[in-house]
Amino acid sequence: MKLNSYDEWSHLREVIVGSAANYTSHERELSFEYFFLDNLKSRREWYYPRVSSVTAPGNGPRRKQLAIKQRYVDELNEDVDGIVSTLQSLGIMVHRPLELNPSTTEIETLAWRAAVIPALNVRDMSLVLGDEIVETAPMMRSRYFETQLLTPIFAEYFRKGARWSVMPRPIMTDSSFDPTYAQLTDGGLMESIKNPQSAPYDVGFEMMIDGAQCLRLGRDVLVNVSTENHALAYNWLQRHFEGRFRFHRIDRLSDSHIDSMVLALRPGTLLVRSEQVADYLPDDFKKWELIVAPDPQENNFPIYESDDLILTSLYIDMNVLSVSPEMVIANEASPELIRLLERHKFTVVPVRHRHRRLFGGGFHCFTLDTVRDGGLEEYI
């Protein structure tokens with residue numbers, strides 16, 4: 001089918017589900033810590049646990065690699081396979097990215113070197129608006145070339161008539177990142193953010209943004225902007241899609257992604273982390289029903305060891321995937337959320353996902369919907 005995805009809720013026909021194959025480690029350096037700022041800053045006990053330092057051109061001797069236990073990766077692969085099977089059982093065509101070759105351990109540019117990770121959270125690096133794919137400007141060095149693992153899928157949609165654009169790639173030296181949000185939030189700055197290094201390729205702030213900072217509502221797209229990097233990318237989106245979509249800027253709803261803060265489940269209904277989220281949204285949303293996610297329960301999550309790096313808040317399970325205006329896929333480990341959604345007349349398909357806090361994503365993050373029934377309607 002041809003690329004067609006304008007919203008978050010209409011009947012899902014085709015979707016990309018990420019791959020965790022050969023996911024071996026996290027690399028903690030400046031771009032990683034900016035990206036996970038809100039969660040890492042409140043967890044001082046995980047401050048560089050059991051890491052090995054390596055040097056790298058352009059970003060100094062401050063790269064710290066943290067191995068991920070193989071059993072977590074194995075269980076994650078089992079759970080991702082379960083997501084794929086569930087979607088296929090619902091009649092949805094599932095596409096998969098290329099698997100990361102285990103021999104590809106690092107990537108290198110003019111300015112830096114970084115460990116590489118597979119295309120797992122495919123929502124992040126790309127944005128589908130209608131009949132166009134946009135590869136967004138990456139925010140983490142480790143993910144700089146991640147969309148290349150999606151090239152065969154994007155190329156096939158292009159052959160069928162889709163538009164395919166790539167946002168300008170940042171050079172991504174330390175000076176490329178706007179530190180303002182980090183400086184304004186509580187909890188202080190982390191080591192590498194406190195001490196950015198100068199480099200020969202410094203050009204000042206550059207555009208960087210993830211697709212998961214956007215909420216698609218037909219003709220209207222809400223975009224979370226917390227830094228000058230996001231603002232530059234927001235301006236690019238406005239100009240690139242001028243006359244086709246209306247973009248609405250949301251200021252500092254979170255450090256980056258908003259799909260564990262607010263999701264549109266159907267026209268007129270939002271799933272939100274708290275009622276305060278509505279204060280950040282356009283006034284038109286005052287007419288919409290707000291389903292406030294239940295407080296997460298600690299016993300819904302695995303217990304980890306002190307050297308396991310936790311990347312997300314307990315609210316990660318509100319990161320559900322809508323299959324239609326009536327049906328959502330949710331984590332079977334969150335019964336409180338499932339019961340709440342059922343009370344609001346949704347059919348909930350429970351699926352297992354154990355280690356969502358270690359790998360930074362839920363069902364919405366792991367998927368990129370490429371074909372839905374919806375069109376360029378106006379909902380706000």
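Begin at the surface by selecting Leu-110, Ile-171, Tyr-201 and Val-203, which form a nonpolar patch with about 380 Å² of accessible area together. In such a patch every residue has over 30% relative accessible area and no salt bridge; nonpolar side chains (Val, Leu, Ile, Met, Phe, Trp, Tyr) are joined within 5 Å, and like charges within 9 Å. Accessible areas come from the Shrake-Rupley method with a 1.4 Å probe, and for residues only the protein chains shown count as cover. Helices (H or I, at least four residues) and strands (E, at least two) are DSSP runs, numbered from the N terminus. Leu-110 counts as exposed, at 69% relative accessibility; exposed means over 50%, buried under 20%, and partly exposed in between (1.4 Å probe, protein chains only).

Before going further, note that this is a predicted model, in which local features need pLDDT of at least 70 and side-chain atom pairs count only at pLDDT 80 or more, while totals for chains, interfaces and linings use all residues. Residues are numbered from 1 along each chain as its sequence is written, and side-chain values use heavy atoms, with hydrogens and water left out.

The next selection concerns confidence. The pLDDT, the predictor's confidence in each residue from 0 to 100, averages 92 over the chain, and 92% of the residues score at least 70. Select residues 43–61, where the pLDDT is below 50; beyond near neighbours in sequence, this stretch has 57 contacts in the model. A contact means heavy atoms within 4.5 Å.

**Charged pairs**

Side chains of opposite charge can pair when their charged atoms come close. A salt bridge is a side-chain nitrogen of Lys or Arg within 4 Å of a carboxyl oxygen of Asp or Glu, and the whole structure holds 32 salt bridges.

Select Glu-8 and Arg-216: their closest N and O atoms are 3.1 Å apart in a salt bridge. Glu-8 lies in the segment before strand 1 (12–17) and Arg-216 in strand 11 (residues 214–217), so the pair ties together parts that are 208 residues apart in sequence. Are these two residues buried or exposed? Both Glu-8 and Arg-216 are buried.

Now select Glu-78 and Arg-352, whose side chains meet in a salt bridge at 3.8 Å, N to O. Glu-78 belongs to helix 3 (residues 70–89), and Arg-352 to the loop between strand 19 (347–351) and helix 10 (356–359), 274 residues apart. Glu-78 is partly exposed, with a relative accessible area of 42%, and Arg-352 is partly exposed at 35%.

A further pair is Glu-132 and Arg-244, where the closest N and O atoms of the salt bridge are 3.0 Å apart. Glu-132 sits in strand 9 (residues 132–135) and Arg-244 in the loop between helix 8 (228–240) and strand 13 (246–251), 112 residues apart. Glu-132 is buried at 2% relative accessibility, whereas Arg-244 is partly exposed at 23%.

**Helix 9 and the residue after it**

Select helix 9 (residues 335–343), whose buried residues are Leu-337, Ile-338, Leu-340 and Leu-341. Seen down the helix axis, these buried residues fall within an arc of 165 degrees, so they line one face of helix 9; the arc is that of the directions from the helix axis to the C-beta atoms. Their cover includes strand 14 (262–266), strand 15 (269–272) and strand 18 (327–331).

Most residues other than glycine have a negative phi. Select Lys-345, which follows helix 9 and has a positive phi, near 70 degrees. Lys-345 lies in the loop between helix 9 and strand 19 and is exposed at 68% relative accessibility. Then select Met-172, not a glycine, with a positive phi of about 75 degrees. Met-172 is found in the loop between strand 10 (163–166) and helix 6 (180–184), and is buried, with a relative accessible area of 0%.

**Last stop**

Select Gly-361, in the loop between helix 10 and helix 11 (363–366). Gly-361 is buried, with a relative accessible area of 0%. Which residues does Gly-361 contact, leaving aside neighbours within four places in sequence? They are Asn-121, Thr-312, Ile-316, His-353, Arg-356 and Phe-366.
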